[in-house]
Amino acid sequence: AIPGRVRADARILVLVGGRGWTGERALRDLGFVPWAEERNWCIVAPSFSRGEYWMPSNGAADVLRRAVDALCRRHGVRPLPVFLFGYSAGGQLVTLLQDNPPFPVAAWGVCGCGVFPDSPRAGAPALVACGVDDAGRLEIGRDFAYRYREAGGSLLWYPARGGHELDDRALRLARAFLTTAASQAACPLWGEDDTRRILPRARIDVEFQNPLYTAEIAELWQR
């Protein structure tokens, strides 16, 4: 998805949907297109349909690197750090990709993901969302959130309503999070896992710290 007039400083979002989704379905169902057009962002939405594409080592990392490079060359976009978002199997690709990225990553987010790096390294700011009724993935995601933070990373953890299905509030939170991450603004608001309270950062143990950045993000996160 390319805006009508692409600026040299346009940001790029790699958007990956669920297992077997086409890029067209990811653009439609994840709802990032109007948001991207308003901000002059470009979206790379691959159509992976065969093989275990959610493993970057199976060729997906190289495909995405070449797609981002081609977009930059074709539209005169400066190669700035890239944003990533994935749902379900696409989320698995994103979590493993950011751990060993083929290009610099500015921030990343996933929803409904059940696979994460075994030994997290502090990387770019992250958002991990999962439905509270998606019990297995919820436990895996929460454990990763703790370990990513303990490794020095900044991660917003959001237990969403329902199960593995898409949640509109989680997607709205993801868009607000990526917008703020692009601005590189300081984070004045911090929330605590489980209690959902907004507290001074110093009063929250590291593994439970949620960077909320803005009042909009805080409101979405607390509901």
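Strand β3, residues 82–87, is mostly covered, with six of its six residues buried. This description rests on a predicted model.

**Neighbours of β3**

Strand β3 is paired with two strands that the following account takes in turn. With β1, residues 12–16, the pairing is parallel and comprises four bridges. Within this pairing, Leu13 has Phe83 of β3 as its bridge partner. Strand β4, residues 105–111, also runs parallel to β3, and six bridges join the two. Here Val82 has Val105 of β4 as its bridge partner, and Tyr87 stands opposite Cys111 of β4. Between β3 and β4 the chain passes through helix α4, residues 89–99, and this β-α-β crossover is right-handed.

The residue pairs named above are set out below.

| Residue | Partner residue |
|---|---|
| Leu13 | Phe83 in β3 |
| Val82 | Val105 in β4 |

Strand β3 belongs to an open sheet of six strands, arranged in the order β2-β1-β3-β4-β5-β6 with parallel pairing. The edge strands are β2, residues 42–44, and β6, residues 155–160, each of which pairs on one side only. On average, neighbouring strands of this sheet are turned by 15° against each other, direction ignored.

Note on methods
Residues numbered from 1 in each chain as written. Predicted model: local features only at pLDDT ≥ 70, side-chain atom pairs only at ≥ 80, totals over all residues. Heavy atoms only, no water. Buried < 20%, exposed > 50% of the residue type's maximum accessible area, 1.4 Å probe, protein only. Pairing = 2+ DSSP bridges. Right-handed = clockwise from strand over helix to strand, strands pointing away. Axes fitted to C-alpha atoms, helices over the stretch in contact; angles between N-to-C directions.
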